[in-house]
Amino acid sequence: MSNKRLIINMAATIFSFIVTMGINFVLSPYIISTVGKEAYGFVGLANNFISYAQLITLALNAMAGRFITIKIHQGDNEGANKYFTSVVIVNILTAITLLIPAIIIIVNLNQVINVPQDILNDVQLLWGLVFLNFLIGLVLTTFNIATFVTNRLDLSSIRDIQSNILRVIILIFTFSILRPSVWYVGLASILCTIFVGIYNIYYKMKLLPNLKIRMQYFDIKVIIELLFSGIWHVVIKLGQILSDGLDLLISNIFINPSAMGVLAISKTIPTAITSLLGTITGVFTPQLTIHYAKGNKELLVKELIKSMRFTGLFTNIPLAFLFAFGLSFYSLWVPGENVELIHLTASLTIASGLIVGVINPLFNVFTITNNLKIHSVVIVVQGILNIFIVYFLLKTTQLGILAIAGVSSVTAILLNLIYTPIYASHCLKCSKVTFYPVIIRYMVSTTILMIVLVLLSINLKVYTWLGLVTMAIVSGLIGLVINGVILCDKKDREYLMSLFLQRFNR
C-alpha cells in the first residue's frame, strides 16, 4: 500500500472514530439519565444477542470478501460475480427464515431474560427493532465489498461519519418530542443501516460496475465452498462469545439487571476503543489480501508488521488515558453512578489492550491464508475456560462483575502473547520470532505511557470537562512522542514528519 493511500484511509478512519466517540460521549449519559442504567443495559444485551444470531450467517459471509477480492485481482470477473450473486441471494433467504425465531424470542422475552415489568414493553420494542436492523443489514451486507476490494476505505469512513450524524439527529428528535424510551436507539439503528446500505449499493455500482446480481451466476458449489471455509469463523465467533460476549447475559442472570447496567456503562468506552482497533486494522486488510492473491509473501509480512506498529500507535493512547484519568472521566460523564466500580471494571476490561492492541492485525493472517481450523479450536477452548472460571468465582467469591470483566482479559493476554504470533508465523512460513520485536516494543511503550499518565493524573487533579479535554490533548501528544521513539521505526518517523511539515508549510 502506498504511504499516501495509507494515510488517507487511516485519517478518514480515525476521524470517523472520533465522531462516533463524540456522539457516544454526549448521548450515552443522556440516555442513561433519562431511561435509567437498567434499561440502558438492555441495549448492550440486545446487541449481544445479535452477535449470537450472527453465528448462523457468519459462515457464509466471513470469507466472501476474501474470495471476491482475490477473484477480481486475479482478473476472474465471472468467478467474482458467482460469489457475489450467490451470497446476496442466500442472505435474503436467511433473513426471511430468521424472522420467525426472532418474533418468538421477542414475544416471550421475559421468559428468556430478567426484565423489570415496568420497562418490559419498551425493551420488547427495542429488541424487535434491533433484530429487524440485523435482518436488514444481513440483506445489504455484501454490497460493502466495493470499498474493500478497491482499497477505498476512506469512502466507507465518510459514509460512517454521515451515518452517525444521522443517528444523532434521530435520537435528539425522538427524545425531544416523545416520551423518553430506550427503543428509539433501535429505530435510529434501522434508519442508519438503510442509509449505509444505499451508499454501499451506490459505491458498488460506481467502483465495481462489472459486479452484478444475475440468477445465472448463482452457484451452489460456491455456497458450499464458502460455508466450508467460513465454518471456522463461526467457531472463532463462538469462542469470542464464550470469552466476553456473554458478560451482560451472565450479569443479568447470575447477579441482577442493575449489575448488568453498571457493566454495560463500564464497557462503553473500552468497546469503542476496541472498535477503533478493528477499524484501523481493517485499513490494512485489503492490501494484505491483494499481496496474498499475487503471491508476494515478503511484502505481505512487511505490510503486516507495519500494520502492527500503526494499530499500536493509535490504540494504546486512549487505553492509557482511560486507565489514568478514568475516575475523573466517569465522575463527569455519569455523575451519580458508582464511578469507582465503573472505573475499576473498565480498567480490568482494557487490561488486555497491553497486548491485543498490537496483536490484532495478526488475526488477518488466519483469514487471508484460510488457516482457521486450529485457531478456531484454540479460541473456543479459551472461551469455555473463561466460562468455568467466571462461574467458579461468582459462586465462591464476592467479586461479582469484576470477575466477569477480569477473567477474559487475563486469558486474552496469555493467549495472544504465547500463541497468536507463533501460529501466524507458521501460517506465513516465516520465523517464529518474526513478530515479537514489535510486540515487545509496544508493551514497553504502553507501560511507560501508563506510568507517565498515572503520575500526571496524581499531580494534576481534573474536575471539569475543560480540564479533562486539556489532559486528553496533553496525553495524546505525550503518547505520540513515546510511541514515535519506541514503537515506530526510522522510516515511519521520517514519513510522518515529512507529512506534517508539508501540511504545516502550506
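## Helix α9

Let's start with the buried side of helix α9, where buried means under 20% relative accessible area with a 1.4 Å probe and only protein chains counted (exposed is over 50%, partly exposed in between). Its buried residues include Tyr184, Val185, Gly186, Ala188, Cys192, Asn200, Tyr203 and Lys204. Helices here are DSSP runs of H or I with at least four residues, numbered from the N terminus.

Helix α9 covers residues 184-207, which is 24 residues.

## Where the model comes from

This is a predicted model: local features need pLDDT of at least 70, side-chain atom pairs need 80 or more, and totals for chains, interfaces and linings use all residues. Residues are numbered from 1 along each chain as its sequence is written, and side-chain values use heavy atoms, leaving out hydrogens and water.

How many disulfides does the structure hold? It holds 0, a disulfide being a pair of cysteine sulfur atoms within 2.5 Å. Take Cys427: its closest cysteine sulfur is in Cys430, and at 9.5 Å that's too far for a bond. Cys430 is in no disulfide either.

Both cysteines are tucked away: Cys427 is buried at 9% relative accessible area, and Cys430 is buried at 17%.

## Phe228 on helix α10

Phe228 sits in helix α10, which runs over residues 220-245. Is Phe228 buried or exposed? Phe228 is exposed, with a relative accessible area of 63%.

Technical notes:
Helices (H or I, at least four residues) and strands (E, at least two) are DSSP runs, numbered from the N terminus. The expected span of a helix is 1.5 Å times one less than its number of residues.
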